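Here's a quick tour of the model on your screen. Have the sequence and the 3D view open side by side as you read.

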Amino acid sequence: MRGRNDILADIRANKPKFTAPAPAVPNYDDHYPSDAAGLQARFIEVLEKMGGAWAEPEANESLEATMRRALADKLDANSLIASNVREIKGNRRVHADDTPASLHDVDVAVLRARFGVAETGTVCFTEAELTVNAVAYLAQHLVVLLDPATIETNLHRAYQRDDYKNARYTVFHTGPSATADIEGVLVRGAQGVRSLTVIPTPTV
Amino acid sequence: MSTPDPSQTQNSAEAVREAQPKPAKARPGQRVNHASAAREFLQSPIHAQSHDERVWAMRQRRDAAAETIPEWEELRDLASQIKTHALTHLDEYLEQFADNAAANGVHVHWAGDAADHNRIVHEIFADHGVKKVIKSKSMLMEECGFRHYMEGVGIDIVETDLGERIQQLDAEDPSHVVVPAVHKMRSDVSQVFAKTLGSDPDNDDAHYLTEQQRQATRPLILDADAGMTGANFAVAETGGFVVCTNEGNADLSANVPNLHVASIGIEKIVPKLSDLGVFIRLLSRSALGSPITQYTSHFRAPKPGGEMHIVLVDNGRSKRLADERFWSSLKCIRCGACMNTCPVFRRSGGLSYGATYTGPLGLILDPSIDAYRYSNLPFASTLNGSCTNVCPVKINIHEQIFEWRQVLAEDDMIPWTKKSTLAAAGRTLASPRAYRAAIKSAHSALKHLPDWALYNKLNAWGQVRDLPDVPAEGSFHDWYRQHRLNKEDPTAGDRE
């Protein structure tokens with residue numbers, strides 16, 4: 001059995017013998033809108049293409065009411081809403097010591113995104129926002145609070161952020177779970193959440 | 001990765017009941033005969049046409065996605081350069097990755113080959129009393145024959161990617177790196193699920209079938225003792241790795257059970273987190289035409305109270321690094337774009353390759369795993385170069401396919417009919433005058449020979465295709481002599 005030292009020695013002996021420096025990678029975001037509204041519009045356009053929904057709160061509407069309006073056809077009086085955010089109460093708190101399997105009956109998980117990406121309509125979470133990572137996949141539906149001021153232009157910018165470099169787990173969600181593995185027919189909710197709804201909410 | 005296809009949200013109107021073509025598999029020690037397996041596939045015309053249309057649609061969506069990115073070609077250059085840099089410093093970056101991962105609290109293992117990989121994972125499972133495992137799709141684990149090995153030691157492996165699960169339940173290999181069941185029609189899936197999941201055999205609605213699988217798999221996910229993933233990229237700078245899926249099944253596999261084991265090929269290393277900007281922008285656009293997979297998951301350390309293991313697998317990769325003709329095939333990010341554009345793949349189906357990797361990337365990867373078994377595969381190509389043109393990391397795929405033909409010929413791995421025909425062709429093509437004489441007589445022969453002489457067993461091309469009509473203008477050379485050749489120098493056209 002070849003171990004670490006054997007494999008590394010073989011690589012050293014076999015690797016191509018020429019110098020190839022790492023290239024500099026431009027940011028490629030000169031053509032993005034420079035204002036928050038423009039970036040947000042770009043974000044919404046791609047989010048919807050990827051199967052996600054954008055729910056703008058109406059005047060004097062609570063976030064709880066915005067959520068209920070956006071998910072009207074998915075919620076009933078008995079729905080289990082697990083909220084990780086202060087702005088929406090829900091009826092189930094997620095605690096760090098909950099076992100993942102104990103979250104199997106959650107209907108809606110409510111999470112705050114760390115940031116968004118306009119290029120792809122993506123929202124980002126780490127374990128800090130998730131509390132228990134599995135809740136974002138075991139829930140039937142996901143509701144995401146996103147501060148529009150945190151929307152990055154593109155993935156180059158997203159990967160330059162240093163606020164999640166030490167996270168154990170960082171995940172980019174772009175719309176809900178999807179598959180087209182059966183004859184190319186697009187189905188939402190293959191294994192993870194069936195829907196993903198983003199509510200713009202400035203961080204207090 | 002799996003597969004949203006935004007072009008189709010409805011089932012096609014007509015239900016199809018043509019039986020799925022099942023090409024015979026080559027036995028151990030036998031040479032895979034791609035041409036005869038492809039012929040079997042083509043005897044099911046509805047499946048053949050559906051397959052062609054679906055993979056070509058992915059190619060078209062890839063083009064549309066690429067056109068929205070002004071810097072697309074620069075990104076391909078950058079991706080290729082980053083991979084060149086990483087592979088020419090692979091020892092350093094692998095050490096950095098392994099040391100960082102260990103510092104993050106991850107157990108790192110090294111596997112020289114497939115057998116080592118399977119044994120190491122088995123030992124981890126034995127230590128933890130693991131009997132039930134959920135996993136996301138991993139070509140590396142396919143390469144290692146991992147599921148087969150685990151069946152032998154009584155550990156139950158459940159695939160969580162829909163396409164891969166369909167293939168598992170049908171006891172069939174995946175036919176495509178991104179869409180494992182792309183060769184199946186929904187009527188085939190309906191039959192498989194009716195037999196294995198107890199679903200309604202008369203219902204072949206894709207939404208119904210997907211939901212049946214979701215409902216059947218969820219309890220297995222909640223009950224699993226361990227979860228496994230592969231990795232699309234491993235980042236030396238952080239010691240973390242990235243998994244891309246559309247279903248969220250890798251996140252369930254990694255986050256629900258306490259124990260997460262990830263199998264990672266040593267060539268997956270990229271130096272820095274910021275390099276991912278280039279690769280994630282290219283990957284799903286090249287594969288499916290979507291800007292990103294629904295889930296891009298970065299695993300760096302175990303969840304609190306959890307345990308994470310990484311198995312770094314060589315399995316021939318360090319050896320391939322030494323070959324100046326083929327080392328760059330290690331840049332491959334498994335997007336499948338080369339398969340979707342390949343006229344041979346589109347019309348022969350992935351199962352006809354009889355190998356883990358199918359399509360053009362299979363032609364250059366499989367012979368390095370077993371030269372005899374896969375010696376026919378490099379001939380399953382028109383060498384049209386389309387694969388090279390769409391490759392996001394700019395591997396010269398069609399040139400490597402051609403190189404492999406030479407290697408296999410030198411190593412005496414080519415069947416004699418192919419070799420004797422090619423030897424004659426080689427002598428003819430090497431001399432312009434002989435070539436022209438041959439073309440003249442071939443044109444004349446195409447006009448006058450009976451079909452039995454043209455469509456015989458020595459001519460593999462003629463067995464499934466009509467030969468082209470003889471051009472009315474004669475050969476290009478005749479046309480050129482007549483219209484363009486410098487009349488002052490009538491011998492110019494004969495110069496080498």
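## The annotated stretch in chain A

Over residues 101-199 of chain A, the chain is 14% helix and 35% strand, with the end C-alpha atoms 27 Å apart. Helices (H or I, at least four residues) and strands (E, at least two) are DSSP runs, numbered from the N terminus. UniProt, in an unreviewed entry, puts the feature "domain: LUD" at residues 101-199 of chain A; such annotations may be inferred rather than shown by experiment.

Keep in mind that this is a predicted model: local features need pLDDT of at least 70, side-chain atom pairs count only at pLDDT 80 or more, and totals for chains, interfaces and linings use all residues. Residues are numbered from 1 along each chain as its sequence is written, while chains are lettered from A and ligands numbered from 1 in the order in which they are written.

## A sheet in chain B

In chain B, 6 strands make an open sheet in the order 1-10-7-4-2-3, with parallel pairing (strands pair if DSSP finds at least two bridges between them). Strand 1 (107-111) and strand 3 (156-159) of chain B are the edge strands, each pairing on one side only.

Strand 2 (residues 132-135) of chain B is joined to strand 3 of chain B by 4 bridges, and the two run parallel. Look for B:K132, which stands opposite B:D156 in strand 3 of chain B.

## Around B:F241

What does B:F241 touch? Leaving out residues up to four places away in sequence, its contacts are B:A231, B:F233, B:A234, B:V235, B:A262, B:I264 and B:F299 (contact puts C-beta atoms, placed from the backbone, within 7 Å).

Terms used: Two residues are in contact if their C-beta atoms, placed from the backbone, lie within 7 Å.
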